[in-house]
Structure formats: structure tokens, C-alpha cells
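Let's take a walk through this structure together, one piece at a time. Have a look at it first, and then we'll start with a pair of charged side chains.

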Amino acid sequence: MTDYLADVQKYDSGADEAVVNKIVRHLGIALRNKDSALVSASDPKELERVKEKWCEKKLGVGGADADAAIAATAKAMADDRSKSRVTFYYLVAKNLGKLQTL
């Protein structure tokens, strides 16, 4: 789990380990497969899945707010070819101001 925390800390030096661990537990088995452990920010279907499963179901935020948070996260991580799903979800939640609700 420290690998996930270190990756998140590249984007948020004050990342809360407990929050990162909650995201890791939420994603569970998806993190075992390299393909599903990464987010493809260039795939509209993938981003729609992030919006539906993470933003709407888990965080309770949809519509333009979710789209804006996903776009901001994709832009922030643009230089990272392998976008960790844990980091991506953390940053989306942070952009939505929902880290404390996880």
C-alpha cells in the first residue's frame, strides 16, 4: 500500500494514508490486474465509468461537477503514461472536496 501512497504524494504531498487505504480497499480485486489498476484518460468509456462508479455511486456527485473534476485530474496527470487508478480516484475526490467523506 505504500506504493499507492507514494504515487498519490507525487500530486498531493499531504495525502492522508488512511484515505488512500480506503480507496485501495474500495477498488479491491480490480487492483490485481495491471489493466484495471490503471485509468486510460484518453478513453471516453473509461472516463464515463469513473464518473458513474466513483463520482456518482461512491461520492454522490454527478453531472458537470464530476466531469470537471475528472478533466482536471486527467490534466494534472497528463505527463504520467501509467495513471494509477488509486491516484486518479484520490485526485477526483480531492477536486470534488469529498476526501473527508471516504
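Start with Lys 51 and Asp 67, which form a salt bridge whose closest N and O atoms are 3.2 Å apart. Lys 51 sits in helix 3 and Asp 67 in helix 4, so this pair ties together parts of the chain that are 16 residues apart in sequence. Bear in mind as you look that this is a predicted model. Is Lys 51 buried or exposed? Its relative accessibility is 10%, and since the cut-off for buried is under 20%, Lys 51 counts as buried. Asp 67, at 38%, counts as partly exposed.

That's one of the seven salt bridges counted here. As for the general idea, side chains of opposite charge can pair when their charged atoms come close.

Now find Lys 10, which takes part in a salt bridge with Asp 7, at 2.9 Å from N to O. Lys 10 is exposed, with a relative accessible area of 57%, while Asp 7 counts as buried at 13% relative accessibility. Lys 10 also forms a salt bridge with Asp 80, and there the closest N and O atoms are 4.0 Å apart. This second pair links distant parts of the chain: Lys 10 is in the loop between helix 1 (2–9) and helix 2, Asp 80 is in the loop between helix 4 (63–76) and strand 2 (83–84), and the two are 70 residues apart. Asp 80 counts as buried too, with 14% relative accessibility.

Next, follow the chain to helix 2, residues 17–27. At its start, a side-chain oxygen of Asp 16 reaches to within 2.9 Å of the backbone nitrogen of Ala 18. Which residues of helix 2 are buried? They are Val 19, Val 20, Asn 21, Ile 23, Val 24 and Leu 27. Just after the helix comes Gly 28, with a positive phi of about 45 degrees.

Finally, go back to helix 3 (residues 44–58) and look at how it meets helix 5 (residues 85–95): their axes come within 12 Å and cross at roughly 60 degrees. The crossing is right-handed. On the helix 3 side, the contact is made by Glu 46, Leu 47, Val 50, Trp 54 and Cys 55, and on the helix 5 side by Arg 85, Phe 88, Tyr 89, Val 92 and Ala 93. Sorted by class, that contact has eight nonpolar residues, two charged ones and no polar ones.

How values were computed
Residues are numbered from 1 along each chain as its sequence is written. This is a predicted model: local features need pLDDT of at least 70, side-chain atom pairs count only at pLDDT 80 or more; totals for chains, interfaces and linings use all residues. Side-chain values use heavy atoms; hydrogens and water are left out. Buried means under 20% relative accessible area, exposed over 50%, partly exposed in between (1.4 Å probe, protein chains only). Helices (H or I, at least four residues) and strands (E, at least two) are DSSP runs, numbered from the N terminus. A polar contact is a pair of N or O atoms within 3.5 Å; within protein, one must be able to donate a hydrogen and the other to accept it, and residues adjacent in sequence count only if both atoms are side-chain atoms. Axes are lines fitted to C-alpha atoms, for helices over the stretch in contact, and angles run from 0 to 180 degrees between N-to-C directions. A crossing is left-handed if the near helix is turned anticlockwise from the far one by less than a right angle, and right-handed if clockwise. Contact means heavy atoms within 4.5 Å. Ala, Val, Leu, Ile, Met, Phe, Trp, Tyr, Cys and Pro count as nonpolar, Asp, Glu, Lys and Arg as charged, and the others, Gly among them, as polar. A salt bridge is a side-chain nitrogen of Lys or Arg within 4 Å of a carboxyl oxygen of Asp or Glu.
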